[in-house]
Amino acid sequence: MKLGPAAAAAALLAVVTACGSGTSTEGGASGGGKVGIDHPRADSDFWNSYIKYVPQMASELKVDLMPATNSQNDVAKLVNNVQALTGQGAKVIVMAPQDTGAIANTLQQLENKKIPVVTVDTRPDKGKVFMVVRADNRAYGTKACEFLGEKLGGKGKVVQLQGALSSINGRDRSEAFAECMKTKFPGITVFSEPTEWEGSKAASMLQTRLEQNPDIKGIYMHAGGVHLAPTLQVLKQKGLLVPPTDPKHIFVVSNDGIPQEFEAIRKGDIDATVSQPADLYAKYALFYAKAAAEGKTFKPGPTDHDSTIIQLPNGLEDQLPAPLVTKDNVDDKALWGNQVK
């Protein structure tokens with residue numbers, strides 16, 4: 001599912017030069033310019049992996065990338081960082097707003113200044129974007145539901161450790177998971193816990209649910225980068241961190257695709273994760289930022305890198321592939337989680 005360096009470079013070139021849906025055309029502006037980038041947080045293994053990919057991809061794509069800022073999961077800091085970047089001459093902004101509703105005013109200000117915006121992983125509720133680079137987060141929830149539903153035989157109780165519901169990602173994953181369970185596995189009871197993407201809240205909520213419902217047999221974690229370690233700690237404390245062959249085993253499916261999740265799958269501590277492509281997030285965020293600076297535009301449709309560009313009310317979104325990883329394919333060298341040093 002992941003491209004090697006040569007194939008990726010060819011795919012990038014194809015997206016720019018080919019004709020048809022999902023491809024670019026020349027706009028009125030040209031000449032490029034500096035790209036400002038704000039990282040959303042540094043307390044998640046997933047985001048730290050993404051951050052490491054950014055300078056590598058900037059070098060490969062020859063992007064004039066400014067020194068990155070980090071908003072530390074604080075929308076006020078994000079607003080200030082964006083103002084600083086534009087004040088320093090940024091012609092395009094790459095960001096990953098964790099609160100997708102609170103960034104609208106900043107997006108409007110950037111539009112007024114004719115500064116294109118590429119968002120990564122999250123889709124702003126309002127405000128114009130040049131391109132959103134993310135995977136289909138509703139598919140994350142559906143894949144997790146189907147995996148747990150089949151493992152539990154359509155009966156039992158599961159805990160959903162949600163992200164923040166102020167984020168489109170948290171809402172997409174939660175809603176799709178709940179809808180799938182209601183439709184396909186009505187015999188399964190779902191306890192949904194909004195953790196705000198915080199590991200300590202996830203641990204506390206899971207601990208309480210397991211005490212109240214010791215017969216819970218499944219867990220869906222919205223973000224392995226922040227939920228994995230506390231979940232494993234709680235299961236270990238309760239003597240429930242046992243192999244899948246043990247009747248006490250609780251089936252766990254996650255989202256992110258970080259190396260730590262892969263190792264947990266190999267050990268039998270968790271059972272699956274959806275690999276959110278940190279490498280492709282960095283690559284295509286910068287690719288579209290450079291294209292925006294050069295005045296290129298894109299249209300909805302399939303791309304040459306196994307994704308589909310869709311039309312949003314406020315822009316376009318390139319939905320990148322995100323495969324389900326289990327013990328059957330966890331050693332696939334093409335997965336970015338197996339490429340991280």
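What share of the contacts in the protein chain with a separation of 6 or more comes from residues 24 or more positions apart? The figure is 73%. Keep in mind that this is a predicted model.

## The chain as a whole

Let's start with the overall picture. The protein chain carries ten helices and 16 strands. The accessible surface comes to about 13,900 Å², and carbon and sulfur atoms own 52% of that. As for charge, the chain has 37 positive and 37 negative side chains, and the centres of these two sets sit 1 Å apart.

## The eight-stranded sheet

Now for the open sheet. Eight strands build it, and reading across, the order is β3-β2-β4-β5-β6-β15-β14-β13, with mixed pairing. At the edges are β3 and β13 (301-302), each of which pairs on one side only. Strands of a sheet pair through backbone hydrogen bonds, and the pairing can be parallel or antiparallel.

Take β2 (residues 35-39) and β4 (residues 92-95): they run parallel and are joined by three bridges. Here G36 stands opposite I93 of β4. On to the next pair, where β4 and β5 are also linked in the parallel sense over three bridges. V94 has V118 in β5 as its bridge partner.

## Both faces of β5

In a regular strand, side chains alternate between the two faces of the sheet. Strand β5 (residues 117-120) shows V117 and T119 pointing one way, while V118 and V120 point the other way. Which are they, buried or exposed? All four of these residues, V117, V118, T119 and V120, are buried.

Next comes D121, in the loop between β5 and β6 (131-135). D121 counts as buried because its relative accessible area is 5%, under the 20% cut-off. Its backbone is worth a look too: phi of D121 is near 75°, a positive value in a residue other than glycine. Most residues other than glycine have a negative phi.

The loop between β3 (69-70) and α3 (75-87) is where you'll find S71. S71 has a relative accessible area of 4%, so it is buried. What does S71 touch, leaving aside residues up to four places away in sequence? The list is D38, H39, P40, K77, L78 and N81.

Q72 lies in this loop between β3 and α3 as well. Q72 isn't a glycine, yet its phi is positive, at about 50°.

## The β7 and β8 pair

Finally, there's β7 (residues 156-162). This strand is mostly covered, with five of its seven residues buried. Seven bridges join β7 to β8 (residues 188-194), and the two strands run parallel. Within this pair, K157 stands opposite T189 of β8.

Conventions
Residues numbered from 1 in each chain as written. Predicted model: local features only at pLDDT ≥ 70, side-chain atom pairs only at ≥ 80, totals over all residues. Heavy atoms only, no water. Helix = DSSP H or I, 4+ residues; strand = E, 2+ residues; numbered from the N terminus. Contact = heavy atoms within 4.5 Å. Areas by Shrake-Rupley, 256 points an atom, 1.4 Å probe, with all protein chains shown as cover. Lys, Arg positive; Asp, Glu negative; His and termini not counted. Charge placed at Lys NZ, Arg CZ, Asp CG, Glu CD. Buried < 20%, exposed > 50% of the residue type's maximum accessible area, 1.4 Å probe, protein only. Pairing = 2+ DSSP bridges.
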